[in-house]
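Please open the model in a viewer and keep the selection tool at hand.

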Amino acid sequence: MESGGVMMQDLLLAALEDLGQEAFEKFKFKLRTAATPGLRSIPLGRLEKAKRLNLAELLVEFYEDKAAALVVAIFEDIGLKYNASKLINVAGKQIQGYKKKYAETVMEEYQLIEDQNSLLGERTPLNTRYTELLIIREHRPQKQREHELAATGRRHMEILEKNTSDYSSVDIECLFEPDQSGETPRTVVLQGPAGIGKTTTVQKIMLGWAAGELYQESFDYVFCIRCRELSFTEEVNSLANLILEQCQDICAPVGEILAHPEKLLFIIDGFDELRFSLEPEKNQLCDDAYSKVTLESILSSLLRKKLLPKCYLLITTRPGAAQKLQEFLKFPRFTEILGFSEKGRRQYFFKFFADDRKANLALRFIENTVAVSTICFIPMVCWIICSVIKEELETENEIADTLDTTTKVFVQFTHSLLKNVSGKVKFPLDEVRKLCSLAQTGILEQKILFEEEDLKEHHLDGSDLTDLFLERRTFRKGPVRHSLYSFLHLCFQEFFAAMLYILQEEPKGVPHDYVQDLKRLLAACEKPGNEHLELTVRFIFGLSSEKVRVFLEQILQCKTSDLVKPLLLQKAEEVAAEDPPRTSYSLLNFLHCLFESQEVDFAKRVMHRFHTIDLSFKTISVLDCRVLAFCLEHSTVQDHSIDLTYCRLKSHHIKALAPGIKNCAILEFGSNKLGDSGVAVLCAVLKELDCHVTTLNLGENYLTDACAQELYATLSTSHMLYSLNLRDNSFTTASLPFIVRLMNTCTSLTILHLNGNGFGVKGGKCLRQQEKKLNHPFLLWL
């Protein structure tokens, strides 16, 4: 195939040959004063002597990919409208041809994925492994939406059901669809925690566009900018050069590509992985795609719509960085990846395992193991679990019960890799510690890409662990390619960083005080802006568990530190003693640490301090409910108050929360979507626990007459229920007999909210009459 430069010369030569001599001379005269910023002008001596062939060559030489646009502009200026239109048409066909070539490049790069534990040369087609994820589309930033909901008490966003009855999923092809007002967002933020599938979704989008299946009418070109690569490069560059690198073709028609920014989509993958700040005062914003500035300025200008304001952006990030990202964007649409639906998880297992019998065995295992079943909704963790299970099923008929926390999953996965590399039973502890030291340095410095010098500094050059747990990637730095290293996933880096604090220091050389390091880490994690340390701290809590330590000592054949667990308990008690006590996300993160440790004593020592747990107006996951259940179940207090108002609760959330309800007196579950099925689950739990709840709020939960009898049977024998809220549901007169009987038999019931239901005038009269018959003070809201 001819190069882009030769094709451009041929295109321009044909256009010039269509001109008469007078028109050609007039064209050359106008060309003398043509201004093209950033590019050289053709010297007058060479221009005056140039024939048509020579002039076509000179146009490409001096004006590069802007040559065609310049010729069109001059044609229109001298009245050659037909010639200008013809050139535009021919150039357009050339661009369409190049679009096909670029799509082939993208297809080649993105169609295969390589599992982290695959053998050399083993790769899997993305389409055979990819499973659709649940994506919620949000129209407002989280903080703004929470404040708005708190003021009105009404739901503003409703999830559209698609693949499952529990969630609605916005397909990736709908990310840029107009909202209810008809406005199409030019910037979409796709947020989610580590391992949730953000980068895989990006890969699917790139592949879908290249295959002609996605965004064909919307975008002529889709480019992916990986922030981990940008973070490492400090040389000046231009957006035009970045596009050339994406095309992997120095002759790509960048000018024509940039001529229609409204048909371009730039995917910025991993905003949270940036090492520079993007603060306005530190950036000199640019509006020219050809200007050579720092990559920080390019990215900042793109985000702020100073550069190519009409282009489209899709940005992936962890939630912790989403609020910071909000400061740079204009009218973004925020979306969130929740992970796999139950159906999606099953599909993933059957795609992962070639043998249906093994897939079913693995599914039965995780479904019977509560914590594992929960974390399997995270694709990265799901892959780890599948890898570990597949490994065990190759030698055993049963699966060991070793994966009940996230930490144990990573420990088991690490073990499965260590024992199978080069036939080694164990690696020297010193080698493992070096890897952990590299990970810790990266976490503290927010660094996820490492150079050869970094490996040498930590004495990892030449180590077998480098090939095992680090991934070598080739990046461009200007015209030069160079190799950098990263952990298989940021989760692994956080895990190994945590392990450094657990591994006992060997008595040689100058001892290092990791206890003081841990104290500093725990203190730093409390400060705003250090959310990136949270998972590392959770792993430290998990690794301090007695069961995990024993297993870790077995696989590494070493001793672990006895000093970490007392320090973590001290920290937990300090957090519990805070006045006022923690609330919202900060409290939930702390409870996650307690859960990860699986130390009952931790919960017993601190949970009495958190009498009231208010997580209202937060999106609560099933795992969050498991965490709450563990901490509440082992509390020494039996009258906790939990407020989960507007937390998107459904029946499976109540199942997860069940073990902790026994120690709760106040259950605020209002403004959720429990439905009749959720009430059935709750009633079963309350019956089993011999209900001692004093306040139960089920208002605005899509309840119908179908659950009225079950509610009556469960609550009627209670001697402690004081307040019951059933407002804004769909009860009708069919439920009146059960409600009237409840008012009669539950003698402790004093406040009953029934407003916003369908009882009508007749039903209301009946309830008022029953209220008058009661022998104790009673407040009925209708």
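The stops below begin with the whole chain and then turn to its parts.

**The whole chain**

This is a predicted model, in which local features need pLDDT of at least 70 and side-chain atom pairs count only at pLDDT 80 or more, while totals for chains, interfaces and linings use all residues. Residues are numbered from 1 along each chain as its sequence is written, and side-chain values use heavy atoms, with hydrogens and water left out.

Display the chain as a cartoon: it has 35 helices and 19 strands. Helices (H or I, at least four residues) and strands (E, at least two) are DSSP runs, numbered from the N terminus. Of the 782 residues, 57% count as buried; buried means under 20% relative accessible area, exposed over 50%, and partly exposed in between (1.4 Å probe, protein chains only).

**The nonpolar cores**

Select Leu 239, Phe 266, Leu 303, Phe 349, Leu 667, Phe 669 and Leu 698, which touch the most other members of the largest nonpolar core, a set of 219 residues. A nonpolar core is a set of buried Ala, Val, Leu, Ile, Met, Phe, Trp, Tyr and Cys residues joined through side-chain atoms within 4.5 Å. Helix H23 (residues 490–502) gives this core its largest share, 11 residues. A second, separate core has 33 residues, among them Leu 13, Ala 56, Leu 58 and Tyr 63.

Next, centre on Leu 303. Neighbours within four places in sequence aside, Leu 303 is in contact (heavy atoms within 4.5 Å) with residues including Ile 268, Phe 271, Leu 278 and Leu 313.

Leu 239 belongs to helix H11 (residues 239–247), where Ala 240, Leu 242, Ile 243, Leu 244 and Cys 247 are buried along with Leu 239. Just after H11, select Gln 248, whose phi is positive, about 55 degrees.

**Aromatic rings**

Phe 266 also forms one aromatic cluster with Tyr 102, Trp 209, Tyr 221 and Phe 223. The structure holds 21 aromatic pairs. Rings of Phe, Tyr and Trp (its six-membered ring) pair if their centres lie within 6.5 Å; planes under 30 degrees apart count as stacked, over 60 as edge-to-face and the rest as tilted.

Select Phe 617 and Tyr 646: the ring centres are 6.1 Å apart and the planes stand at 20 degrees, so this pair is stacked. Phe 617 lies in the loop between strand E13 (612–614) and helix H30 (622–633), and Tyr 646 in the loop between strand E14 (640–643) and helix H31 (651–661), so the pair ties together parts 29 residues apart in sequence. Tyr 646 is buried, with a relative accessible area of 5%.

**Helix H26**

Which residues of helix H26 (residues 546–556) are buried? They are Val 548, Arg 549, Leu 552, Ile 555 and Leu 556. These residues cover an arc of only 135 degrees around the axis, which puts them on the same side of H26; the arc is that of the directions from the helix axis to the C-beta atoms. Exposed Lys 547 and Gln 554 are on the face turned away from the buried side. Gln 557 follows H26 and has a positive phi, near 50 degrees.

**Phe 778**

Finally, select Phe 778, in the loop between helix H35 (760–773) and strand E19 (779–781). Phe 778 is buried, with a relative accessible area of 12%. Leu 752 is 26 residues from Phe 778 in sequence and 8.0 Å away in space, C-alpha to C-alpha.
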